[in-house]
Amino acid sequence: MTNTPSIITVSNVIKQFGRFAALRGVTAEFDAGRFHAILGDNGAGKTTLLRAIAGLAHPTSGTISILGKTPRTACRDIGYMAHPSLLYDEMSGMENLRYFAGLYGIAGDDTCREAIASVRLDPTLTRPVGQYSQGMRQRMSLARAILHDPRVLLLDEPFSNVDVHSAREMVGLLKTMRDAGKTIFVVTHQAQLLEGVADEFVWMQAGQIIDRTSSARAAGVGPTEGVQ
Amino acid sequence: MKRLFPILSVITAALLAYALYEAMVVAPTERTMGDVQRIFYYHVPSAWTAFLLFMVNLVASVVYLIRRNPKADALAVVCAEVGVVFCTIVLVTGPIWARPVWGIWWTWDVRLTTTLVLWLIYVSYLVLRRFSDSAQTPVLAAVLAIFGALDVPLVYFSIWFFRTQHPQPVIGGGGSLDPGMGRVLLINWLAFCCFAFLVCWSRYRLEMLQREVEEAHAMESLVGADGVSAKASLPLNRSPR
Amino acid sequence: MNSIKYLYAAYAATWIIHVFYLTTLVRRYSRLRQQLRELGKK
Amino acid sequence: MNSLWAVTLATLKKDIRLEWRSKDALNSMLFFSLLVVVIFSFSFDPTAEESRQIAGGLVWVGFLFASVVALNQTWARELRNQVLDAYRVSPAPPNSLFVAKALGNFILVSVLEAVMAPLFIVFYNLRAIGPAWQLIPIGVLGTWALVVNGTFFAAVSIRTRSREIMLPLLLFPISIPAVQAMVEATRIILMGDGSARFWIVLLLTYDVVFTTACLGLFETILHAE
């Protein structure tokens, strides 16, 4: 486990959508190999920050660097999982992963099978993803995100709309990945699920980072957890 | 800069008045068309000005795509909008001219039709700007401007060839211009260019003001709703713009 | 020739369009000014 | 280069498979185009000799409307579950996605034309007086002209509000020379009225110019956010 300081540097990032700024000057450094939970109310800018780090949204101003590269050039090091599944509902899990593996230039089914097995799903399932339960779909979505073995994993609301059991299972999976040396970012409003698991809690409000704490309870400012 | 605007306005007004006098009084009356031919002195300079503005729009769009400079984008919007205004004038005065001369309102003349297509393209450009989410608008619009520019020569050739196959009344052109007419035309063009420049300048300032207001709104929008903590930290992180 | 009225119509149309456009600019400008004032008050 | 084609093929295969499973674009388009043909034959008396003159126009305007329906569907599939983001975070070349989509639409619209054309021929009792084989290059080039810009502007319009209506608003003005070329070329061949060479060359030029432009600018559009 290499602990290079600050794998991701965000400096003074502003993201403006017309008359609304989702990010209003975010500056932060994030360490490698740690589990970061990003918390905040709806509209606090969590998702936009994650999308900006993933290279999906270009900041209006400011810069983001990942391992010294821009988000776009660092794309092989980033795994991104959004709240929607990012999978084709009409295809089976294996068919989906095979296609996405192709996008990363990974040939052969072994990698896909391993990825599916690592999220504790059955690679031989032929059901289309659209018929999965929400918890299964989230895990399959995670399998897609880790397909190319990225060093940084960005997850947007991976626990919403799933039952507590599935959520805990997901947390367990993420913990294992962190222990394997990956840097993990989770956007959530369910802070209590990550208490004792995440290394750092990043509190966002109104498009800015307002606090960074090591425990979900130690937060001085910021919203009460689980409001939304 | 602030002083320049009124001075330029006065000069432009004088120039426009003088150009109008030249067009109405000094310019020789055309033999076959009569006085109605004087529409020419508004119609043609408007067209040239519109084309010039669209060209500036294209250049600004390309510059924006390369440099991502918001000022280039602002210039592109301004030129497109003012260009559409001038282009509209061309399309309105064209039929007013055609009617008494050829007895028809519209003719599928090469230049008139190309202008129409150009107008359609730039109206769709303005519609696109209106209907897209603001963060991406400049990029999409700039791309559309490039596509439009590529389209114009093709439109011109297709209509030109179509016309050679389907004989229709020949508009203007042909023959050489009376030198007196050429001079008046140039004076009018100069006057309209100055006028267009002034309008663009005002519109540019309006655009910049609008962006300022949007930015102020954006930076303000969450403060009211979310209370003290965000407000307290705002001045520290506010962008220096 | 009666066609002189077409000439006046064309010139008038030109300036009507210009004035109309300038009016919309002025209106947009005053609306922005208003918003700016409201923002300043907050 | 290798991965470019590999990804293009994979994407195309994936699209065809998805279309085959749901068939929503194909079915709605086929029915829509059938309606277009029928309504046109009510509106323009098919038996009149004049309708021969405008048949070229009718055919292509029908195709144009039908393909807009298809083109609007192109990216809808990628927006569901935000799958497009999965492509955007991957290192796969953006142009592969564009080429795959354009080829997919080309196939779809060609199928559509293959179904609609016989209906037009039957209803309007069409037969070519000029060299009929030239209708094939006209069909191919004309379809590509509609589809290449259509795919591109569909990708533009998904980034706007009211996206379904934006596509024709953006696409039609740009397509004017292509539509004119297709219509004229078809008319010339149906009427046996001289040579369609100029129009075919114009179509070819249009295709080359805009295919290049699309390939050059698609990445900008895909990552515009």
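## Chain D

In this predicted model, chain D contains eight helices and zero strands. Its order along the sequence is accordingly α-α-α-α-α-α-α-α. The radius of gyration of chain D is 18 Å, close to the 17 Å that the globule rule gives for 225 residues, so chain D is as compact as a globular protein of that length.

Taken along the principal axes, the C-alpha atoms of chain D occupy a box of roughly 55 × 35 × 30 Å. Of the 225 residues in chain D, 48% are buried. Among contacts in chain D with a separation of 6 or more, 84% join residues 24 or more positions apart.

## Chain A

The C-alpha trace of chain A spans about 45 × 40 × 35 Å along its principal axes. Buried residues account for 51% of its 228 residues. Of the contacts in chain A with a separation of 6 or more, 67% are between residues 24 or more positions apart.

## Helix α5 of chain A

Helix α5 of chain A comprises 16 residues, 164-179; at 1.5 Å a residue it should span 22 Å, and its end C-alpha atoms are 22 Å apart, which agrees. The buried residues of α5(A) are Met170(A), Val171(A), Leu174(A) and Arg178(A). An α-helix has 3.6 residues a turn, so residues three or four places apart point the same way.

The other side of α5(A) carries the exposed residues His165(A), Gly172(A), Thr176(A) and Asp179(A). The cover over the buried residues includes β3 (35-40), α4 (134-145) and β7 (183-187) of chain A. After α5(A) comes Gly181(A), with a positive phi near 105°.

## Pro150 of chain A

Pro150(A) is located in the loop between α4 and β6 (152-156) of chain A. It counts as buried because it has 20 C-beta neighbours inside 10 Å.

When residues up to four places away in sequence are not counted, Pro150(A) touches Asp77(A), Ile78(A) and Gly79(A). Pro150(A) and Arg137(A), which are 13 residues apart in sequence, lie 20 Å apart in space, C-alpha to C-alpha.

## Contacts between chains

Four pairs of chains are in contact, and chains B and D share the most contacts. That contact takes 27 residues from chain B and 27 residues from chain D. On the side of chain B that touches chain D, α4 (110-131) and α5 (137-165) of chain B each supply at least two residues, and α5(B) gives the largest share, 15 residues. By type, the residues on this side of chain B are 20 nonpolar, five polar and two charged.

Between chains A and D, 25 residues of chain A are in contact with 21 residues of chain D. The elements giving two or more residues to the side of chain A are β5 (78-81) and α2 (93-103) of chain A; α2(A) gives the most, with four residues. This side of chain A consists of 16 nonpolar, five polar and four charged residues. No contact joins chain A and chain C, whose closest C-alpha atoms lie 12 Å apart. Chains C and D likewise have no contact, and their closest C-alpha atoms lie 23 Å apart.

In soluble globular proteins, nonpolar side chains tend to be buried together. The largest nonpolar core here has 129 residues, and those with the most contacts inside it are Ala76(B), Cys79(B), Phe86(B), Tyr122(B), Leu140(B), Leu144(B) and Leu203(D). Helix α3 (residues 70-102) of chain B provides the largest share of this core, 17 residues. Apart from this core lies another, of 83 residues, among them Ile14(A), Leu174(A), Ala191(A) and Val83(D).

Leaving aside neighbours within four places in sequence, Tyr122(B) is in contact with Phe54(B), Ala80(B), Gly83(B), Val84(B), Cys87(B) and Gly148(B).

How values were computed
Residues numbered from 1 in each chain as written. Chains lettered and ligands numbered in written order. Predicted model: local features only at pLDDT ≥ 70, side-chain atom pairs only at ≥ 80, totals over all residues. Core = buried A, V, L, I, M, F, W, Y, C linked by C-beta atoms within 7 Å. Buried ≥ 20, exposed ≤ 12 C-beta atoms within 10 Å, placed from the backbone. Contact = placed C-beta atoms within 7 Å. Nonpolar A, V, L, I, M, F, W, Y, C, P; charged D, E, K, R; others polar. Expected span 1.5 Å × (residues − 1). Rg over C-alpha atoms; globule rule 2.2 N^0.38 Å.
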